[in-house]
Amino acid sequence: MVKAALPAELVGLGLDPDRPLVVVDVDEVLAMFVRAFERFLGGHGLEMRFERYALYQNIFRPGARDHLDLAEGRRLFDLFFLTDMADIEAAPGGAEALAALARDCSIVIFTNAPSGSREARARWLAANGLDYPLVCGQGPKGHGVAELASRTRGPAAFVDDLLPNLESVAEEAPRVRRFQMVADERLRPLAFGDPARHRRIDAWAELGPAIAEALGIG
Ligand SMILES: [Mg+2]
């Protein structure tokens, strides 16, 4: 299998080998991404319909039966990250939960965001009390999470909303404890999951202590 190239900031990231590790996604985990993207689309005369766990296929012109052209959706997605990233609200309780975990663990934020949006993403994280090492990647996250987990002797956990990322980590870093979190209430019933393989907890107030317990801390 061809593995995704590791992002440079991941390769250069130093981790304390004696601390447990928590790797956390951003959009729909720490950030209410789709809610902000929906507002942005409204400003462009478009709407989102929550019919499936997809992004571009959920963008419509009002009254239209077919979703927007996928390439146009992609263009708007990239534009959103350049212009409206700062408007995303933080997921409730995320900063508090990570601050509690950070007393005993290394925290790494691992996001797939368009290239060129890294600085805006880092500013957003800092402004929302989430100033932890940031890795911006592309594609399935298993390879990167396996590399990070190999740098600690302690246990590790991974949180993401997307089943393909959780499956990728299960395959490439099977020792890492996996949690699925979906921040937006409208997306929760649409998210593909496999709770027997990846524990599903949609609220940080419950998720933070569950991660701590899985890592044997606190
Ligand atoms: Mg996400």
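Helices and strands here are DSSP runs, numbered from the N terminus; a helix has at least four residues and a strand at least two. The model shown is predicted.

**View 1. Pro92 sits in a loop between two helices.** The loop runs between α3 (70-83) and α4 (94-102). Is Pro92 buried, exposed or partly exposed? Pro92 counts as partly exposed, because it has 13 C-beta neighbours inside 10 Å. Now find His44. Pro92 and His44 are 48 residues apart in sequence. In space, their C-alpha atoms are 27 Å apart.

**View 2. The whole chain has eight helices and eight strands.** The radius of gyration is 17 Å, close to the 17 Å that the globule rule gives for 218 residues, so the chain is as compact as a globular protein of that length. Its C-alpha atoms fill a box of roughly 55 × 40 × 35 Å along the principal axes. Of the 218 residues, 36% count as buried. Take the contacts with a separation of 6 or more. Residues 24 or more positions apart account for 69% of them.

**View 3. The chain is divided into two domains.** Domain 1 is made of residues 8-32 and 89-215. Domain 2 covers 33-87. The C-alpha centres of the two domains lie 24 Å apart. Where they touch, 18 residues of domain 1 are in contact with twelve residues of domain 2. What classes of residue does domain 1 bring to this contact? Its touching side has ten nonpolar, two polar and six charged residues.

**View 4. Six strands form an open sheet with parallel pairing.** Read the strand order as β5-β4-β1-β6-β7-β8. Which strands are at the edges? They are β5 (134-137) and β8 (199-200), and each pairs on one side only. Start at the β5 edge. Strand β4 (residues 106-112) pairs with β5 in the parallel sense, over four bridges.

**View 5. Strand β1 is joined to β4 and to β6.** In a regular strand the side chains alternate between the two faces of the sheet. Look for this in β1 (residues 21-24). Leu21 and Val23 point one way. Val22 and Val24 point the other way, and all are buried. Four bridges join β1 to β4, and the two run parallel. Four bridges also join β1 to β6, again running parallel. Val24 takes part on both sides. Its bridge partner in β4 is Ile109, and its bridge partner in β6 is Val159.

**View 6. Helix α6 is mostly covered.** This helix spans residues 142-149. How many of its eight residues are buried? The count is seven. They are Gly142, His143, Gly144, Val145, Ala146, Leu148 and Ala149. What do these buried residues pack against? Their partners include helices α1 (8-11) and α7. They also pack against strands β1, β4, β5 and β6.

How values were computed:
Residues are numbered from 1 along each chain as its sequence is written. This is a predicted model: local features need pLDDT of at least 70, side-chain atom pairs count only at pLDDT 80 or more; totals for chains, interfaces and linings use all residues. A residue is buried if 20 or more other C-beta atoms lie within 10 Å of its own, exposed if 12 or fewer, and partly exposed in between; C-beta atoms are placed from the backbone. The radius of gyration is taken over C-alpha atoms; the globule rule is 2.2 Å times the number of residues to the power 0.38. Two residues are in contact if their C-beta atoms, placed from the backbone, lie within 7 Å. Domain bounds come from an automatic or database domain assignment. Ala, Val, Leu, Ile, Met, Phe, Trp, Tyr, Cys and Pro count as nonpolar, Asp, Glu, Lys and Arg as charged, and the others, Gly among them, as polar. Two strands pair if DSSP finds at least two bridges between them.
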